[in-house]
Amino acid sequence: MAISEELSPQLSLSKVSYWHSFKGDLTGGLTAAIVALPLALAFAVASGVDPKAGLYTAIVAGIVASICGGSPVQITGPTGAMAVVLIGIVSQYGIEKVWIAGVMAGIIQIALGIAKLGQLVKFIPYPVTAGFTNGIAIIIFFGQLNNFFGLQLPRQEHFLGNLIQTISHLDLINLYSILIASIVIVTKLIWPYIYPSIPASLVGLVLATVVTVSFHFDIPTIGTIPQSLPLPHGIPHWNDLQLLRELFRPALALAALGSIESLLSAVVADGMTVSEKHNSNRELIGQGIANIIVPFFGGIPATGAIARTAVNVRSGGKTRVSGVIHGIALALIILIFAPYAAQIPLAALAGILMVTSIRMIEWEAISLLLRATYSDLAVMLLTWSVTIIFDLVLAVEIGLIAAGALFIKRMSDLSMVKIPETEVFPEGIPLELTQEIAVYRVDGPVFFGAAERFVTFLRDEPEVKYLILRLRFVPNIDTTGLVALEDIYQDLKRHDCRLMLTGLQPEVKDILNRTGLLDKIGNGNCFDTTTQAIYAIHPHLPILETEDKELSQV
């Protein structure tokens, strides 16, 4: 009886916690599904495949990746970045070959996860990711001009070919298509200020469809979507070895992009929640399993979607259940509303994608790079240009080579050493003080390779309430180092831990000041010496006998 009484409050608390978590997952999953509906249709069209393929992808990949993946709140489905790669593959090989390439990409992703290579994405420099993200945004925007103008022209393998083709046929533009696309664009821009709880994309899609049907506009629509759930089917030509060799490079591109985007999305999700962090290797395996299964249901390769994942977290999603609910909700929407989807104008989807692409551009990254180092800006512009002119995979390769060469040129190696409490505090200082204050000495420039060491600090030192970084021997800091420093500042702030900097060199202080990071951290948290920082925390301590010059030798 005593045991029962003792366990009863715990069981009751567990039920309350489970119900609270489920309510958050239900709200997050349903909201993510509503946001995903128009985007799944739009990104399928941008990939050059039937809109239904986008819905099938969001349903199947969303459920499978949520169950098998390494991020508890990740939402998986069609994305703009994947669409940019897929449009070229679809134009060259056709949808059946895309299915084969998708399965191959999934196998590659699983192999990467088993080999525990998921951590490597953290070493991709910030200017490279910003460069190819901005390039993708440009390609998506201009790739939708045909639908914006109502032109029914054959797709070209490269978006520059589509752009030239569009310009040469401007005499055939459909004014009704421009009107419908404009309605969606305006709705996307102003609706969040009117009623932000309902996704603007969905409102614009419904409004554009109603106007098109009501006034009988003669413009291209997406066509009929079957009022049924996707059923598994076979994949032709999967045993053709010559074809498999031919599709290896496209499959490698899909696997690389899918892995990078999914892991970056998982990192973003980690930064939005203090709950369980993602397992990068399991995430690769989960995404790989999803990409192997999706083609058998008529879908296209998928990745973790940053926007939909963010919506899920902000709406209360906490566990894998939210991703499953997102997939089930989309399936129910197809069963109920599929007959109405045939009337959705392609121009409406173009409007959604155009606004989405503009928002994809890393405006903050561009501003940061303009104010930071010109070498990082050059890497971003190079990656951006190669993405637009050639292709995404080549852009990432060249960007990494350029960033690596820049890293070697700087010829510096970072080391971050925790200074022992016995060296920081003289005898007589209370033990609890030594537990809540951690002092780290950083030697060398803060480059992108050190980002992980900053971000993992709280996992290693959960009891610390004051982190003092001694930067006296840091001569400069690059853009990704700035982002890493801001990440740890935000993490510390969420955990009520104060970040303090000592011994800032003039060049480093100038970059922090120009980029606005010094204002965020606060001038009151910057000191000339570690001793001054410790006295700012506990001004009534006895005089410290250990001088900074002695600490610098540790």
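Reader: What makes Arg 494 and Asp 491 a salt bridge?

Author: In this predicted model, the closest N and O atoms of Arg 494 and Asp 491 are 2.5 Å apart. The cut-off is within 4 Å, between a side-chain nitrogen of Lys or Arg and a carboxyl oxygen of Asp or Glu. The pair Arg 494 and Asp 491 therefore counts as a salt bridge.

Reader: How are Arg 494 and Asp 491 placed in helix 22?

Author: Arg 494 and Asp 491 are 3 residues apart in helix 22, so about one helical turn separates them.

Reader: Why is Asp 491 called buried, and what is Arg 494 called?

Author: Asp 491 has 15% relative accessibility. Buried means under 20%, so Asp 491 counts as buried. Arg 494, at 36%, counts as partly exposed, because partly exposed runs between that cut-off and 50%.

Reader: How do you know that Glu 486 forms a salt bridge with Lys 520?

Author: The closest N and O atoms of Glu 486 and Lys 520 are 2.4 Å apart. With the cut-off at 4 Å, the pair therefore qualifies.

Reader: What does the pair Glu 486 and Lys 520 tie together?

Author: Glu 486 lies in helix 22 (residues 479-494) and Lys 520 in helix 24 (residues 517-521), so the pair ties together parts that are 34 residues apart in sequence. Glu 486 has 25% relative accessibility and counts as partly exposed. Lys 520 also counts as partly exposed, at 42%.

Reader: What makes Asp 510 and Arg 514 a salt bridge?

Author: The closest N and O atoms of Asp 510 and Arg 514 are 3.0 Å apart, and the limit is 4 Å, so the pair counts. Both residues lie in helix 23 (residues 506-514), 4 residues apart, about one turn of the helix. Asp 510 is partly exposed, with a relative accessible area of 38%. Arg 514 is partly exposed, with a relative accessible area of 38%.

Reader: How many salt bridges does the rule give?

Author: The count comes to 3 salt bridges.

Reader: Why is strand 5 said to pair with strand 6?

Author: Pairing needs at least two bridges. Strand 5 (residues 466-473) and strand 6 are joined by 5 bridges, so they pair. The two strands run parallel, and Leu 469 stands opposite Leu 501 in strand 6. From strand 5 the chain passes through helix 22 to strand 6 in a right-handed β-α-β crossover.

Reader: How do you know that strand 6 is mostly covered?

Author: In strand 6 (residues 498-502), 4 of its 5 residues are buried.

Conventions. Residues are numbered from 1 along each chain as its sequence is written. This is a predicted model: local features need pLDDT of at least 70, side-chain atom pairs count only at pLDDT 80 or more; totals for chains, interfaces and linings use all residues. Side-chain values use heavy atoms; hydrogens and water are left out. Buried means under 20% relative accessible area, exposed over 50%, partly exposed in between (1.4 Å probe, protein chains only). A crossover is right-handed if, with the strands pointing away from the viewer, the path from the first strand over the helix to the second runs clockwise.
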